[in-house]
Amino acid sequence: MRALAVNDISCVGKCSLTVALPVLSACGATVDILPTALLSTHTGGFTGYTFLDLDDEMEKICRHWETLGLEYDIIYSGYLGSRAQIEFVKGLKKRFLKKGGKFVVDPVLGDNFTFYKGFDEGFAREMLGLCAVADYILPNETESFLLTGERDFSKALKKLAEICPHPVITGAESKEGYRLYYWDGGEETMRLHKVEGNFHGAGDVFAAAFAGCIGGGFSLKGALSVAAEFCSRAIERTAVEVTDRKYGINYEKELGILTDAFRGA
Ligand code: PXL
């Protein structure tokens, strides 16, 4: 399986490409990367970070790749730094996705019902346009609200299913606990193991594992189960091992869950 991960490089604070590479590799993928921006740290909880937009470089990189005839079984996109990048990433599907390949979009917009720095309603509308060309989208509960205006998960899921065949709302909290809401021809839910607290980067770890499982031919339910198991084990470990949560989650010693899931695959 050949995968393309389109995401930023946050040099410190495990998320985006620094997470996508090892996680997709553990799923058996050959991983190519298209960096969208270079930051000294991610933007969630650090101040004074540097930010270099890689817009111009992305087009040059892709032009070179076209001369190599590269094609991907899976294209997974995450944090995009500008509206122009959203347009650009839409075009990657046509340029590089293999016939029958899958396009997984994590519409990174915000958390805790607020936008990450630099994003606003206009950006969310553009992101909805990218979701419309994806096979799978992975909004968290904040992003599902920012994309649809609905706080009710069932209503939000239904709206998202009108534009994308397989939306997955990750980490939806309700009276009955913590669940994934996903659309597989109709509404489905999956119970999640909840650990109290906020774990930066967990969404990226989940998304990369999910993309790897989909690229590896797992069913939607199968991919969600493996990614959820991997991510909750990493979060449990982080709850014990890490005090400063902006540095990301300790997923490294749980990668065996992915390699085991792919043994023989
Ligand atoms: O984890 C999502 C993410 C990715 N990339 C950057 C971010 C964030 C969230 O804060 O700031 C640069």
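This is a predicted model: local features need pLDDT of at least 70, side-chain atom pairs count only at pLDDT 80 or more; totals for chains, interfaces and linings use all residues.
Colleague: Where does the ligand sit, and which residues are around it?

Modeller: Happy to start there! The ligand sits in the largest pocket. The residues around the ligand are Asp8, Ser10, Cys15, Ser16, Leu39, His42, Thr43, Gly44, Tyr79, Tyr116, His200 and Asp204.

Colleague: How many residues of that shell are nonpolar, polar and charged?

Modeller: Let's sort the shell by class. Around the ligand there are two charged residues, six polar and four nonpolar.

Colleague: What distances separate the ligand from side-chain atoms of Asp8, Thr43 and Asp204, and how much of the ligand does the protein bury?

Modeller: For Asp8, a side-chain N or O atom is 2.7 Å from a nitrogen atom of the ligand. An oxygen atom of the ligand is 2.6 Å from an N or O atom in the side chain of Thr43, and a polar side-chain atom of Asp204 lies 2.9 Å from a ligand oxygen atom. Taken alone the ligand exposes 310 Å², and of that the protein buries 98%.

Colleague: Why is the pair of Tyr79 and Phe119 called tilted, and where in the chain are these two residues?

Modeller: This is one of 11 aromatic pairs in the structure. The ring centres of Tyr79 and Phe119 are 5.4 Å apart and their planes meet at 40°, so the pair counts as tilted. The pair links distant parts of the chain, 40 residues apart: Tyr79 is in the loop between β4 (72–77) and α3 (83–96), and Phe119 is in the loop between β7 (114–115) and α4 (121–131).

Colleague: What is the phi of Asn112, and what is that of Phe113?

Modeller: Most residues other than glycine have a negative phi. Asn112 lies in the loop between β6 (110–111) and β7, and Phe113 is found in the loop between β6 and β7. Neither is a glycine, yet phi is positive in both: about 50° for Asn112 and near 60° for Phe113.

Notes. Residues are numbered from 1 along each chain as its sequence is written. Side-chain values use heavy atoms; hydrogens and water are left out. A residue is near a molecule or strand if one of its heavy atoms lies within 4 Å of it. A polar contact is a pair of N or O atoms within 3.5 Å; within protein, one must be able to donate a hydrogen and the other to accept it, and residues adjacent in sequence count only if both atoms are side-chain atoms. Accessible areas come from the Shrake-Rupley method with a 1.4 Å probe; for residues, only the protein chains shown count as cover. On a 1 Å grid over the protein atoms alone, a cavity is a set of points where a 1.4 Å probe fits but cannot get out, and a pocket is an open set with protein on both sides within 12 Å along at least five of seven lines; lining residues have an atom within 4 Å of a point. A molecule sits in a cavity or pocket if more than half of its atoms lie within 2 Å of its grid points. Ala, Val, Leu, Ile, Met, Phe, Trp, Tyr, Cys and Pro count as nonpolar, Asp, Glu, Lys and Arg as charged, and the others, Gly among them, as polar. Rings of Phe, Tyr and Trp (its six-membered ring) pair if their centres lie within 6.5 Å; planes under 30 degrees apart count as stacked, over 60 as edge-to-face and the rest as tilted. Helices (H or I, at least four residues) and strands (E, at least two) are DSSP runs, numbered from the N terminus.
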